[in-house]
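Open the structure in your viewer and keep the selection tool at hand. The stops below say what to select next and what is there.

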Amino acid sequence: MATKGKTMNILITGGAGYIGSVVTEECVAAGHNTFVIDNLVSGHKWMVHPNSEFYEADIRNTPVVNQILQKNRIEAVIHMAAFSVVGDSMSGPYGYYDNNVSGGLLLLDAMRESGVKKIIFSSTAAVYGEPEEQPIEESVELRPTNAYGETKLAFEKALKWFDYAHGIKYTILRYFNAAGASQRCGELHKPETHLIPLVLEVARGRIPVLQIYGNDYPTKDGTCIRDYVHVRDLARAHILGLESLEKGSDVYNLGSGRGFTVREVIDAARKVTDRLIPVIYSDRRDGDPPILVASPAKIIQKLGWTPDYSDLTSMIESAWKWGNDHHHLAKASGEPRW
Ligand SMILES: NC(=O)c1ccc[n+]([C@@H]2O[C@H](COP(=O)([O-])OP(=O)(O)OC[C@H]3O[C@@H](n4cnc5c(N)ncnc54)[C@H](O)[C@@H]3O)[C@@H](O)[C@H]2O)c1
């Protein structure tokens with residue numbers, strides 16, 4: 001993809017992670033110079049784009065961050081480094097505030113000191129909590145029901161005041177559920193808690209049975225409904241978000257606008273893989289809202305974003321193919337279960 005705007009030097013925090021590695025690919029394809037900082041707490045060195053300069057470091061290491069920003073004349077930051085397991089945030093909120101809020105603030109202040117005026121922030125549907133109105137628009141009241149969502153919201157609020165005080169322009173992208181893979185990069189969290197990769201691990205026989213948390217939600221089959229967006233579509237939105245910063249700061253939902261129940265995802269995965277996927281039901285998890293479906297109307301209208309891969313089957317197919325093709329790399333790097 002050729003770039004519409006000028007070539008930029010972009011620092012991607014969390015660029016060794018699932019979404020960060022695919023966002024880096026999109027930035028490289030758009031002609032930007034990319035630099036990745038990642039402490040590999042949940043990322044993978046082999047997923048860092050080969051054309052990117054990689055710094056294995058923590059975003060809370062301010063001297064290193066300042067050096068990266070200044071030496072490379074960074075013009076924009078895409079901030080994706082974070083902890084993002086809802087259950088962990090409920091049992092250990094300190095780590096979530098330390099990484100997602102304090103870490104984010106240290107990064108923002110380093111940007112201020114180095115004169116970097118643009119940031120794209122990976123936020124989440126978890127900032128909404130459990131709104132009754134579905135699909136969810138950006139204007140809905142923000143009432144997170146878990147500590148993870150609270151930490152993301154706290155950083156969203158800080159962005160507003162850093163813009164006011166220091167002119168740092170931001171695009172906040174509130175992702176719903178990223179899914180699928182590019183040819184080179186896919187979903188491999190440590191530990192994995194996301195539905196599609198877990199379902200596929202059961203299909204491969206690496207996990208004996210899939211645990212479904214709750215079958216008594218007020219949905220058509222009793223399981224939770226989520227909105228899945230292909231990671232490549234999601235990555236493209238970052239390029240549009242960067243270009244839109246010329247017009248000022250804003251916040252957008254990033255989802256497909258369609259919801260699927262957990263059981264629908266499993267049925268689709270059974271068809272794609274042609275494998276049995278045994279399941280057991282257990283109690284609901286703390287902080288899991290019954291339905292989260294985005295209204296993507298704003299990002300479609302204002303940024304001209306449209307998803308290329310909106311059907312669930314193609315997302316699962318790309319994740320399945322990626323897992324089959326990259327099995328050896330994951331195994332060689334000592335990934336558990338591979
Ligand atoms: N995956 C989703 O569906 C989803 C949904 C909503 C929001 N998000 C957000 O998107 C971002 C990326 O998510 P992901 O699924 O790719 O997760 P991921 O765990 O694969 O990627 C996060 C990366 O950040 C790195 N990291 C974490 N803390 C760091 C620190 N202090 N310093 C340097 N690096 C650090 C990790 O090593 C990892 O490579 C996160 O901010 C997450 O909250 C993801």
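Begin with the residues around the largest cavity: by class, its lining has six nonpolar, three polar and four charged residues. Here Ala, Val, Leu, Ile, Met, Phe, Trp, Tyr, Cys and Pro count as nonpolar, Asp, Glu, Lys and Arg as charged, and the others, Gly among them, as polar. This is a predicted model, in which local features need pLDDT of at least 70 and side-chain atom pairs pLDDT 80 or more, while totals for chains, interfaces and linings use all residues. Residues are numbered from 1 along each chain as its sequence is written, and side-chain values use heavy atoms, with hydrogens and water left out.

A cavity is a set of points, on a 1 Å grid over the protein atoms alone, where a 1.4 Å probe fits but cannot get out; lining residues have an atom within 4 Å of a point. The space in the largest cavity is about 120 Å³, where a volume is the space filled by probe spheres set on the points. A search of the whole structure finds one cavity of 30 Å³ or more.

Next, colour helix H6 (195–204) and helix H10 (312–332), which each supply at least two lining residues. Helices are DSSP runs (H or I, at least four residues) and strands likewise (E, at least two), numbered from the N terminus. H6 gives the most to the lining, with four residues.

**An aromatic pair**

Now select Phe-83 and Tyr-96. Their ring centres are 5.5 Å apart and their planes are at 55°, so the pair is tilted. Rings of Phe, Tyr and Trp (its six-membered ring) pair if their centres lie within 6.5 Å; planes under 30 degrees apart count as stacked, over 60 as edge-to-face and the rest as tilted. The structure holds five aromatic pairs.

Which of these residues is buried, and which partly exposed? Tyr-96 is buried, at 5% relative accessible area, and Phe-83 is partly exposed, at 25%. Buried means under 20% relative accessible area, exposed over 50%, and partly exposed in between (1.4 Å probe, protein chains only).

**Charges over rings**

Select Arg-284 with Tyr-217: the arginine lies over the ring face, 4.0 Å from the ring centre. Then take Lys-298, which lies over the face of Tyr-252 at 5.1 Å from the ring centre. The criterion is NZ of Lys or CZ of Arg within 6 Å of the ring centre and within 35 degrees of the ring normal.

Notes. On a 1 Å grid over the protein atoms alone, a cavity is a set of points where a 1.4 Å probe fits but cannot get out, and a pocket is an open set with protein on both sides within 12 Å along at least five of seven lines; lining residues have an atom within 4 Å of a point.
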